Amino acid sequence: MVNFSATLMRRIARAGDPRMLIKSALVGVALILDLPAIGDRIAMLGLTPPLILFFGLYALLALALWGSAFIRPSALRWGWALILSGGAMVVGSYQTASADVMSYDAFVTMMLSVGFADDALRQYGAAIGWTLAGTLPLLLGIGIRPGTRPRLPGAVTILAPMAGLLLLSLLLFARGGEGGRGLPNAWVGSAYSALFAYEAATLPALSRQPVAIARTRPAAYRDIVLIIDESIAGRYLDINDPDGVRSGLTAAPRDVSIANFGLSASITHCSFGSNMTLRHGGTRDAYQHINAVMPSIFAYAKKAGYATLYIDAQRTGGAYQNGMDDRERRSIDNFIQFDDTPVVDRDMAAATALAAALNNDRREFILINKMGAHFPVADKYPDAAMAYRPALPRNRSANVTEMQLPENLYSGAESWRLYRNAYRNTVGWTVGGFFDRLFAHARLDGALVIYTSDHGQNLHERGDAGTTTHCSAAPASEEGAVPLVIIDAPGRWDAAAKRHFDRSSQYRIFPTLLDAMGYDPASVRATYGHALDADSADPNSFNALFNARLGRAPHWVAVRRGDIARPPPTDQAAAP
């Protein structure tokens, strides 16, 4: 490949056309920017036969990229320039922001989370800006008009980008979306887009079904509440570790029982999949189909005679997230967001709204999407709640809801120590403060409250490198280790919590909610699996490949207490 490139550059120089030299140099610069990823792929493969195949594939894709620069029709040439530079932009932005490779699973998650595009632009501005600057050479290298020499056959230049895209797309399709690491970002992003479009075009049109399960008994509770927190690591709460943060859940108010199921497995380790499945009841074996066609929990609640309330502490302006659409929205009677409330106070506002609903004597199903402790965490708690020190610098991200990683996380263990302390402060406020307010103002007799989080957190307690806290390609167990607590007045869940402590997953929450609404237990079990009080064992594992596409199977990661990193007590300079 090196000899070929040298010969090519000599021929271009002899041709005496500066545009040929400039275009080739610009494409070369775009390829050079991929060198770190190439180095990672070489280190991963080692001196093995697959390394030879990788270099051969890379050479073919590099040639196809170079050939695209000599397409004569301007519209076609600029069209490919935009497609290829756009592909490089998508992959490069993700990898710069996350310091991790972009898999097809991550690409699909990003596409399904397009509602957060405005946040991404605001919060990942630096990463996107640097990536944009890095893609300009490719855009111009392909887009500017080629000179007269060297003249390649027109059919060759026109077929070059199509051949490159088809080659990589077929390879990724055959490998279930895997195999793009280290290849030119332009082709990887374009091939991911092609596969995503192919899946969208070939999947059968599915319509959401109405509620078909019958109710065979009265509802067990006046109010039923599902609280889905954001980014709460199960072991960072005092109910699950002696060095955990005060949760407000260790001592129950009078006549109220708190049943702690311990460290439980989330649906998956990204927000979209967990929230979508918690609302639609996807099972381990059929989550994609069930999430696509079965009724939402709001539809079941309305059929059972409950008014429905959705409290969203993350988004504003009526924006949907985590797969919600207009059809699901039509099953929600009261849709509450806090447009004018500062980010730091959103969970307190949610607690107040929940208390008001519990006190209004109406039969309601209430789902809360909390603000929780999604990064950035430095400003999600007030000064008075700064119990853990030293912590991250404050007053830099007060209006950011999520998705921004502080730059200083790239500097190693000491910065992660600061991050963990800021995280503790945030958890103490958004969890402990939330339940303090709820217990002080809400009437909980006759109510069932299930509390959990969408996913856990890898806070790099072991000193491992990286900036990813969740949604990583190869997740640590703590990314799926979440709290699971049931609050009710009769205390009917205490025995189940003791029996299944550290052995229950979120896949059992949906059938638990339907059982509480009075739906036929046998039919619920046949469709959605066992509830939290069932005698059968739960695998207590989360799906690390939720977007298992193109024939790939889900990848399950077990949540076991012995594998979950403890909150390091040495993070604090002094006891809080």
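These legends walk through several close-up views of one predicted protein model.

**A few ground rules for reading the views.** The model is predicted, with local features needing pLDDT of at least 70 and side-chain atom pairs counting only at pLDDT 80 or more, while totals for chains, interfaces and linings use all residues. Residues are numbered from 1 along each chain as its sequence is written, and side-chain values use heavy atoms, with hydrogens and water left out.

**View 1. The whole protein, before zooming in.** The fold has 19 helices and nine strands; helices (H or I, at least four residues) and strands (E, at least two) are DSSP runs, numbered from the N terminus. Of its 576 residues, 57% count as buried, where buried means under 20% relative accessible area, exposed over 50%, and partly exposed in between (1.4 Å probe, protein chains only). The accessible surface comes to about 23200 Å², and 60% of that belongs to carbon and sulfur atoms; these areas come from the Shrake-Rupley method with a 1.4 Å probe, and for residues only the protein chains shown count as cover. Take the contacts (heavy atoms within 4.5 Å) with a separation of 6 or more: residues 24 or more positions apart account for 80% of them.

View 2. Helix α9 covers residues 154-174, 21 residues in total, and reaches 30 Å from its first C-alpha to its last. That is close to the 30 Å expected at 1.5 Å a residue, the expected span being 1.5 Å times one less than the number of residues. Still, α9 bends by about 35° at A160, with a proline, P161, following within four residues; the bend is the angle between axes fitted to the seven residues ending there and the seven starting there. A160 and P161 are both among the buried residues of α9, as are T157, G164, L165, L168, S169 and L172. After the helix comes G176, with a positive phi near 65°.

View 3. L76, I158, L159 and M162 make a nonpolar surface patch of about 310 Å². Patches are made of residues with over 30% relative accessible area and no salt bridge; like charges are joined within 9 Å, and nonpolar side chains (Val, Leu, Ile, Met, Phe, Trp, Tyr) within 5 Å. Helix α9 gives the largest share of this patch, three residues. L76 sits in helix α5 (residues 74-98) and counts as partly exposed, at 34% relative accessibility.

**View 4. Helix α10.** With 18 residues (185-202), α10 spans 26 Å from first C-alpha to last, close to the 26 Å expected.

**View 5. I564 and its neighbours.** I564 is in the segment after β9 (556-558) and is buried, with a relative accessible area of 5%. Leaving out residues up to four places away in sequence, I564 touches R235, L263, R462, S477, E478, A481 and V559. The C-alpha atoms of I564 and N458 are 9.3 Å apart, although 106 residues separate the two along the chain.

View 6. Side chains of opposite charge can pair when their charged atoms come close. Here a salt bridge is a side-chain nitrogen of Lys or Arg within 4 Å of a carboxyl oxygen of Asp or Glu, and by this rule there are 23. D241 and R566 form one of them (2.8 Å, N to O). The pair links distant parts of the chain, 325 residues apart: D241 is in the loop between β1 (223-229) and β2 (257-265), and R566 is in the segment after β9. D241 is buried at 2% relative accessible area, whereas R566 is partly exposed at 38%.

**View 7. E328 and R279, a helix-to-helix pair.** The side chains of E328 and R279 meet in a salt bridge (2.6 Å, N to O). E328 lies in helix α14 (residues 326-329) and R279 in helix α11 (residues 271-280), so the pair ties together parts that are 49 residues apart in sequence. Both ends count as buried, E328 at 4% relative accessibility and R279 at 3%.

View 8. D502 is in the loop between α17 (494-499) and α18 (509-517), while R561 is in the segment after β9, 59 residues apart. D502 counts as buried at 17% relative accessibility, and R561 as partly exposed at 25%. Elsewhere, salt bridges that share partners join R235, D241, D243 and R566 into one network.
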